[in-house]
Amino acid sequence: MTAISLTVNGHAVSAEVEPRTHLADFLRDQLRLTGTHLGCEHGVCGACTILIGGVPARSCITYAVACDGLEIRTIEGFEDDALMAELRDAFSREHGLQCGFCTAGMLISARDIVQRFPQADERRIRTELSGNLCRCTGYVGIVNAVASVASRQAEPAARAAVAPPKAAARPAPVQSAPAAPPRAEPPAASAPETVREGWTRIDESFVIAAPPATVWQALADFPKVAACLPGAELTEHDARAVKGRLRVKLGPMAASFAGSATVQRDETAMTGIAKGAGTDSGSRSRTRGELAYRLTPEAGGRQTRVAVTVDYDLQGPLAQFSRSNLARDFAGRVVAEFAANLNRALGAGDAQPAAAPQSLNALGLLWSVIWSRLKQLIAWCR
Ligand code: FES
Ligand code: FES
């Protein structure tokens with residue numbers, strides 16, 4: 001058993017859980033918060049959607065131990081929330097529910113949508129809600145309900161009226177793990193200045209123990225790049241375009257994104273940008289993205305810093321994983337593995353390039369993320 005402390009609906013909670021206990025089971029069985037429903041238990045239907053650190057997430061594929069120190073909000077935690085009250089009324093008025101099994105998760109996703117996209121049209125609402133399945137209502141009423149609240153949210157007076165209640169009204173929460181320190185490196189030069197609405201940006205950087213010219217050449221060698229990226233498989237390529245597949249496993253979820261990208265490189269500035277899109281036919285998740293990178297010399301030109309900025313938009317059942325802090329940490333681990341492999345491929349490390357794993361073992365990486373967060377928390381508590 002593992003001891004965890006977290007904040008659930010504003011209340012500090014401490015408990016002992018099995019490492020394999022999913023958050024949904026912990027909430028339902030130990031805390032008796034049965035408003036969180038379980039449908040598929042495979043991260044597909046969205047019935048178990050709750051907020052973890054303010055971001056919608058699947059509680060059926062999230063381990064309770066991974067939430068140590070975090071803030072959880074379930075459907076029971078929205079009793080005094082004016083925006084949620086509006087959504088509940090709208091769902092009722094627009095016939096957005098029948099049996100109600102999906103409704104808790106649907107409402108939590110809907111609230112997130114109207115907060116992020118107050119100008120959302122029907123297409124945007126349907127796209128953003130695509131990770132929440134309803135087996136009996138037919139979606140028209142649900143979409144109408146969300147649209148009616150979103151349009152009201154676009155009015156400044158309405159936004160002020162549904163401002164969240166003051167934190168002082170709640171019991172003192174357990175302190176979350178400290179945020180990672182801001183990175184000093186600027187974003188890659190060719191990344192767009194602003195992030196598109198609904199997209200997520202991740203900035204990372206790493207150092208390769210080789211001069212910029214060598215790294216620049218290596219990054220143009222697409223088979224070499226694919227061999228260094230865990231889970232990647234290249235099926236076609238020429239000087240400016242690639243086609244391939246990226247395999248990811250996250251607990252019970254396995255995704256295999258097939259897609260293509262075009263690559264533009266600026267030899268003078270040593271910057272590049274890859275723009276692409278992919279689809280996982282299994283989960284029906286789709287992604288579009290841009291990866292911009294920039295090389296700068298370090299250590300008198302003997303080393304190269306590679307600054308990477310990734311902008312992406314993920315739609316479908318996997319979308320709720322994509323905006324969480326864990327996803328950012330996870331991306332950091334992927335970049336670190338890529339950098340280590342590229343160092344070895346260039347003879348800058350201690351061995352020949354490791355064979356790329358057949359799939360990106362997200363679960364293993366996720367555990368290392370969780371472990372590093374625990375260490376952060378322990379250091380912070382001292
Ligand atoms: S029960 Fe969690 S996504 Fe279906
Ligand atoms: S209202 Fe029955 S599953 Fe959505």
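**View 1. A hairpin formed by strands β1 and β2.** Strands β1 and β2 form a hairpin with 2 residues between them, and N9 in the turn of this predicted model has a positive phi of about 55°. Helices (H or I, at least four residues) and strands (E, at least two) are DSSP runs, numbered from the N terminus. Strand β1 covers residues 2–8 and strand β2 residues 11–17, and the two pair in the antiparallel sense over 7 bridges; two strands count as paired if DSSP finds at least two bridges between them. Within this pairing, I4 stands opposite A15 in β2. Strand β1 also pairs with strand β5 (residues 71–73), in the parallel sense and over 2 bridges, and here V8 stands opposite I72 in β5. In a regular strand the side chains alternate between the two faces of the sheet.

The model is predicted, so that local features need pLDDT of at least 70 and side-chain atom pairs count only at pLDDT 80 or more, whereas totals for chains, interfaces and linings use all residues. Residues are numbered from 1 along each chain as its sequence is written, chains are lettered from A and ligands numbered from 1 in the order in which they are written, and side-chain values use heavy atoms, with hydrogens and water left out.

**View 2. The packing of helices α2 and α5.** Helix α2 (residues 82–93) and helix α5 (residues 140–153) pack at an angle of about 140°, with their axes 8 Å apart; the axes are lines fitted to C-alpha atoms, for helices over the stretch in contact, and angles run from 0 to 180 degrees between N-to-C directions. The two helices are therefore oblique to each other, since angles under 35 degrees count as roughly parallel, over 145 as roughly antiparallel, 65 to 115 as roughly perpendicular and the rest as oblique. L83, E86, L87, A90, F91 and R93 in α2 meet I142, A145, V146, S148, V149, R152 and Q153 in α5, where contact means heavy atoms within 4.5 Å.

View 3. R111 has its place in helix α3, which covers residues 103–116. With a relative accessible area of 9%, R111 is buried; buried means under 20% relative accessible area, exposed over 50%, and partly exposed in between (1.4 Å probe, protein chains only). When its neighbours within four places in sequence are left aside, R111 is in contact with L51, R73, F78, D81, L83, M84 and L87.

View 4. Most residues other than glycine have a negative phi.

View 5. D311 lies in strand β12 and is buried, with a relative accessible area of 1%. Leaving aside its neighbours within four places in sequence, D311 is in contact with P192, R196, W199, T200, R201, R288, G289 and E290. One of these contacts, R196, is 115 residues from D311 in sequence but 8.3 Å away in space, C-alpha to C-alpha.
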